[in-house]
Amino acid sequence: MKNLHFRKPGGASFISILALLFFTTTESYGWHDRTHLAIAEAAGFELWYSAAAPDVVKSREAFRPAEEKNHYHNNKKQHAVTPEMVMEQVGRYNDPTDDEGHLYGAIIGTLRDYKELRRSGKYANYPLVFCAHYVGDLSMPLHNVPYDAFNRERHTINDGIIECSVQNNVGYIQRSIYDISIESEEDLAGEVARIAEISRRLGRKIRKENRNMTQAEAYGQVIHSASLFRAILQHLGKNPCM
C-alpha cells in the first residue's frame, strides 16, 4: 500500500466533498461517486464514467421506490450470505415493497436485462452501468449488515473513506485485480455471495470495534468489486478496456 497517493482535501474539492456528505446524511448511497467510477474504470468498463448514474436515478422521487432497494441488503438476522440467498433475491429485483433490500439479486437481474436486450438486437450496455454500480455497492461493508444506529451514524463517512484519493489510484486497483472465473449464473451467484460475506464480516468487525474502515481496508474491498466486475465483462464476451 506504500505507493498509494492519499491527498488531503483542500480548496474547492474539499467544499464539494463537504456538500456531498451533507446531502447524503439521510440516505445510504454506497461508495461515493469517484469510488464507483474508479472501480468501473479499473475493471475496464467502457462506460466507467457512468457508474455513479444509479445513485442519480435513486435521487429522483419518481424512481426512488423501485431503485433504492437494489443498492443494499439490510441483513437484520445477520445470516451468512449464500448462493441460495443471492438467487432468492433475483425475483425481488426492482421491487419497491421489499424493505430488506436485494442488492445481490439486482446484480444478476441486470445481467438478465443485458442478455435480453442483446438477444432482441437492442443497445444493451446501459444495464451494465447499473451492474457496475451494484457490484461496487457489494464491497461496501455497511450495505451488507443491519441498518442500525451504528450504520446510520457511520455510513456516510465510510462511503467516502477513499473518495479523495481513489481516482489517483486506479492503476493500483487494476494491478491488484485477481482472476475470477464465471461460466454460469450459478458461478456468479457464488462469487456475489463470497464477496458479500467478506463485506458483511468486515461490517461486523468495525461495528464490534466501534470504528470506521481504514483506507487500506477500503481499498481491499474495492479490489473485490473491480475483480468481480472484470470477470462479469469477460463472461459476457466484452473485452475490458484495460
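1. A quick term before the tour: "buried" means under 20% relative accessible area, with exposed over 50% and partly exposed in between (1.4 Å probe, protein chains only). Helices here are DSSP runs (H or I, at least four residues), numbered from the N terminus. With that in hand, look at helix α8, residues 149-159, where Phe 150, Asn 151, Arg 154, His 155, Thr 156, Asn 158 and Asp 159 are buried.

2. Keep in mind that this is a predicted model, in which local features need pLDDT of at least 70 and side-chain atom pairs count only at pLDDT 80 or more, while totals for chains, interfaces and linings use all residues. Residues are numbered from 1 along each chain as its sequence is written, and side-chain values use heavy atoms, leaving out hydrogens and water.

3. Now the nonpolar cores (sets of buried Ala, Val, Leu, Ile, Met, Phe, Trp, Tyr and Cys residues joined through side-chain atoms within 4.5 Å). The largest has 41 residues, and Phe 45 is among those with the most contacts inside it. Helices α2, α5, α6, α7, α10 and α11 each supply at least two of its residues. A second, separate core of 23 residues includes Trp 31, Ile 39, Phe 150 and Leu 202.

4. Leu 202 sits in helix α10 and is buried, at 10% relative accessible area. Beyond its neighbours within four places in sequence, Leu 202 is in contact (heavy atoms within 4.5 Å) with Pro 141, Met 213, Glu 217 and Gln 221.

5. Have a look at Asp 137 in helix α7 too. Its side chain makes a 3.2 Å polar contact with that of His 36; such a contact is a pair of N or O atoms within 3.5 Å, where within protein one must be able to donate a hydrogen and the other to accept it, and residues adjacent in sequence count only if both atoms are side-chain atoms.
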